[in-house]
Amino acid sequence: MAQRAPLKVAKSRLRRLAIVADGTLAPGIRLGPLESRVLELVWARESTLSVRQAQDLLPGLAYTTVMTTLDRLFRKQLLGRRRLGRAFVYEPRISHDGALCELVSAQIADLLAESGGRSAILSTLVRTVGSTDIALLDQLDALVQAEWERLKRAEK
Amino acid sequence: MNMLFVLCLVLLATYALNCMLLSLLVALAWSGGLHRVLQSAQALLALRLLPVAGAVVLLLGVALPAFLAHEAEHPSEDVGSLICILAGISLLLFGAAIRRGCVAWLDTRALLRCCKFLDPLLSTGMQRVELVDVNVPLVAVVGGLRQQILIARALLSVCSQAEFREIVAHETAHLRARDNLKLLSMIIAPDFLAWLPVGRTLTRRWRVAAEFEADKRAVGSDPLRRVALASALIRVARLMGRNDYRDTVLAMPIGLQEVEGRVHQLLAPQRDAPNSKVVRLLASGGALLLLALLPLYGWIHELLEFLVHFSF
């Protein structure tokens, strides 16, 4: 099983992937440097994180800056939020590995899509399909199942 | 100008001229009806690479010997503008080819790096397969010279053992036929077809034909294996259809027709496409042409002299 990457390395990978990838967790989502830093902080904690607590971990940043960043991550559906007394506390909606997987998968999907018209040197089993014709795939499935049955009867 | 430099200009200009004529010939032949006749991957590959191969053969087999045999000894020679333009076009072709090669290499590396993030794991049977933890239905042979089979781990749970085995067999068939190397040669071919729609069409048709042939090589005439592969194709096609990361992923309408064609071919195999003679015909024609031009070296040299000295 893959070891989780150390926080420092993962942070830069996440940012690089997030800046390059497109339409991953939500269409058009991108993470700025501060957003990815804050997201890593939330993942590193075992419990929820308030704005004040986040600001303590990010010296040199104004309270409003940290608050706005957490709010942006909430609107990008990367963080959940609930009220605790008069303040909001934030918690991750997706795990670190889950987010990395989503970002990487989107990157791969982009490259596979481009490869059909252009360049990456690869041969795929099935190239990306056009507007999904479920009915056609169902028809083909029925043909295949009929052939399975016929072969099983012939074996008997 | 120095004679060695003139020789280089002659070679570059001759390459550009031959490539241009052969590319035009291929484009005309294709739109004139060859697209209805050629179906096999081998024939399509031969046609796609004809301009480059033909230009190199004419250059080394005709132009260079003619030049060396008949060129008088001069310490230097003046050149006209036409040869410089043609030589420039040649350099442009090679530059564009190198650029395409670099882009292909970078894209391939990027794909492999992405997969490495989520750590590949196992091998299956005799053929090493890298299982990758991604949530796109990735099934591919990746790389030109050092090839790897990458399969999304999720397919292990979606496909039966028999279906997965045939998926690996299909990708192994691509590996053994060196299809990625053939694809790379089409990508980096320094010719005019790379800039023309017919070039892209030929490459796309070749890809489709190569898939059909990989299916045949993977499962042979075993009916159970054929059905298993057909079933696997449909499963993967369904997963691909669900991939709605972005609209551009769904930009290959040929994909579904291709799956339909392949499933029909697997369930009811047709005769092989009758194009195996095309390559032999082209090779024989080329050899005959070289022989026919042997006595004409003097005349060819005069042509080259005209090329060297002509200015607008």
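The second largest pocket of this predicted model holds about 520 Å³ of space. A pocket is an open set of points on a 1 Å grid over the protein atoms alone, with protein on both sides within 12 Å along at least five of seven lines, and its volume is the space filled by probe spheres set on the points. For the complex, the predictor reports an ipTM of 0.71 and a pTM of 0.74.

**The second largest pocket**

- Its lining comprises 23 residues, and those nearest the centre are B:Leu50, B:Gly54, B:Leu282, B:Ala283 and B:Gly286; lining residues have an atom within 4 Å of a point.
- In chain B, α1 (3-37), α2 (41-70) and α10 (276-293) each contribute at least two lining residues, and α10(B) gives the largest share, with nine residues.
- Helices here are DSSP runs (H or I, at least four residues), as strands are (E, at least two), numbered from the N terminus.
- By residue type the lining has 20 nonpolar, three polar and no charged residues; Ala, Val, Leu, Ile, Met, Phe, Trp, Tyr, Cys and Pro count as nonpolar, Asp, Glu, Lys and Arg as charged, and the others, Gly among them, as polar.

**B:Leu7 in chain B**

- B:Leu7 belongs to helix α1 of chain B and is buried, with a relative accessible area of 17% (buried means under 20%, with a 1.4 Å probe and protein chains only).
- Leaving aside residues up to four places away in sequence, B:Leu7 touches B:Leu64 and B:Phe67, where contact means heavy atoms within 4.5 Å.
- B:Leu7 and B:Leu64 are 57 residues apart in sequence, yet their C-alpha atoms are 8.5 Å apart in space.

**Chain A**

- Chain A contains six helices and four strands, in the sequence order α-α-β-α-α-β-β-α-β-α.
- Of the 156 residues in chain A, 46% are buried.
- Where contacts in chain A join residues at least 6 apart in sequence, 49% of them link residues at least 24 apart.

**Confidence and conventions**

- The average pLDDT of chain B is 80, and 86% of the residues score at least 70; pLDDT is the predictor's confidence in each residue, from 0 to 100.
- Residues 243-255 of chain B have a pLDDT below 50, and this stretch has 32 contacts in the model beyond near neighbours in sequence.
- Residues are numbered from 1 along each chain as its sequence is written, while chains are lettered from A and ligands numbered from 1 in the order in which they are written.
- Local features need pLDDT of at least 70, side-chain atom pairs count only at pLDDT 80 or more, and totals for chains, interfaces and linings use all residues; side-chain values use heavy atoms, with hydrogens and water left out.

Note on methods. Buried < 20%, exposed > 50% of the residue type's maximum accessible area, 1.4 Å probe, protein only. 1 Å grid on protein atoms, 1.4 Å probe; cavity = no way out; pocket = protein on both sides within 12 Å on 5 of 7 lines; lining within 4 Å.
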